[in-house]
Amino acid sequence: LAWAEHARPVAIDTEHSVIGFEIRTRYGQRLKGRFPVFSGQVQTLADGRQQVSLDIDARHAQIQGYRRYTGWLRSEQFFDVRHHPMIAFRSAPHAAGLAHTGGEVEGELTLRGVSGGIRMVVDSSECETPGYDCPVAGRGTVSRAAYGMDGWQVVVGDRVTFVLQIRLHRAAPS
């Protein structure tokens, strides 16, 4: 995602960033959740490309306004936070201008101890320095069955969409 060209990683500003998810019930209801506890960084590689990493604490996952759904979300039937408290995302190296132009970023998602591919679609940005002047927004969808989240199939659809709005710490953008 096209942010500052630094040799050292730039930390994601967790106070001003949002990592969430959406799941749909079989009745057409869209449940929106969020991960309030996470960390991450953007690393500029020697060749100028960038790579994003996120570590998400699933133990704090929540669906606001739905205590029962939040409990199920954390249970063995979904994120199984007792055995797999962390979710990790690592992007493949990508062009530094992606946050301006928008586009797709391939990556690896590790969820419930299972690693699989995820394609994130990054929105184009109109601001001068995406990540600093405005959030970099993106989304990617996975099959929950591919990660062993097969509970409540009668009620909840198979797709989980991760939604990101990322800001970076102002450590001297270029």
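Two helices and ten strands make up the secondary structure of this chain. Helices here are DSSP runs of H or I with at least four residues, strands are runs of E with at least two, and both are numbered from the N terminus. A word on the source: this is a predicted model, where local features need pLDDT of at least 70, side-chain atom pairs count only at pLDDT 80 or more, and totals for chains, interfaces and linings use all residues. Residues are numbered from 1 along each chain as its sequence is written, and side-chain values use heavy atoms, with hydrogens and water left out.

Now the order. Starting at the N terminus, the elements read β-β-β-β-β-α-β-α-β-β-β-β. The chain is as compact as a globular protein of 174 residues, because its radius of gyration is 16 Å, close to the 16 Å from the globule rule. That radius is taken over C-alpha atoms, and the rule is 2.2 Å times the number of residues to the power 0.38. The C-alpha trace spans about 50 × 25 × 25 Å along its principal axes.

Of the 174 residues, 47% count as buried. Buried means under 20% relative accessible area, exposed means over 50%, and partly exposed lies in between, with a 1.4 Å probe and protein chains only. The accessible surface is about 8800 Å², and carbon and sulfur atoms hold 48% of that. Areas come from the Shrake-Rupley method with a 1.4 Å probe; for residues, only the protein chains shown count as cover. Take the contacts (heavy atoms within 4.5 Å). Among those with a separation of 6 or more, 63% join residues 24 or more positions apart.

A cavity is a set of points, on a 1 Å grid over the protein atoms alone, where a 1.4 Å probe fits but cannot get out; a pocket is an open set with protein on both sides within 12 Å along at least five of seven lines; lining residues have an atom within 4 Å of a point. Points are joined across faces, edges and corners, and volume is the space filled by probe spheres set on them.

The second largest cavity holds about 60 Å³. Its lining is Ile19, Leu54, Ile56, Phe89, Leu109, Ile118, Met120, Phe162 and Leu164. By class, that is nine nonpolar, no polar and no charged. Ala, Val, Leu, Ile, Met, Phe, Trp, Tyr, Cys and Pro count as nonpolar, Asp, Glu, Lys and Arg as charged, and the others, Gly among them, as polar.

The largest pocket holds about 150 Å³. Strand 2 (18–25) and strand 10 are the elements giving two or more residues to its lining. Strand 10 has the largest share, with four. The lining includes Glu22, Arg24, Arg139 and Asp158. Its classes: one nonpolar, two polar and six charged.

Asp80 sits in the loop between helix 1 (67–74) and strand 6 (86–91). Asp80 counts as buried because its relative accessibility is 8%. Beyond four places in sequence, Asp80 contacts Leu73, Arg74, Ser75 and Arg112.

Gly103 is in strand 7 (residues 103–111). Is Gly103 buried, partly exposed or exposed? Partly exposed, at 26% relative accessibility. Gly103 touches Leu98, Met120, Val121 and Val122, leaving out residues up to four places away in sequence.
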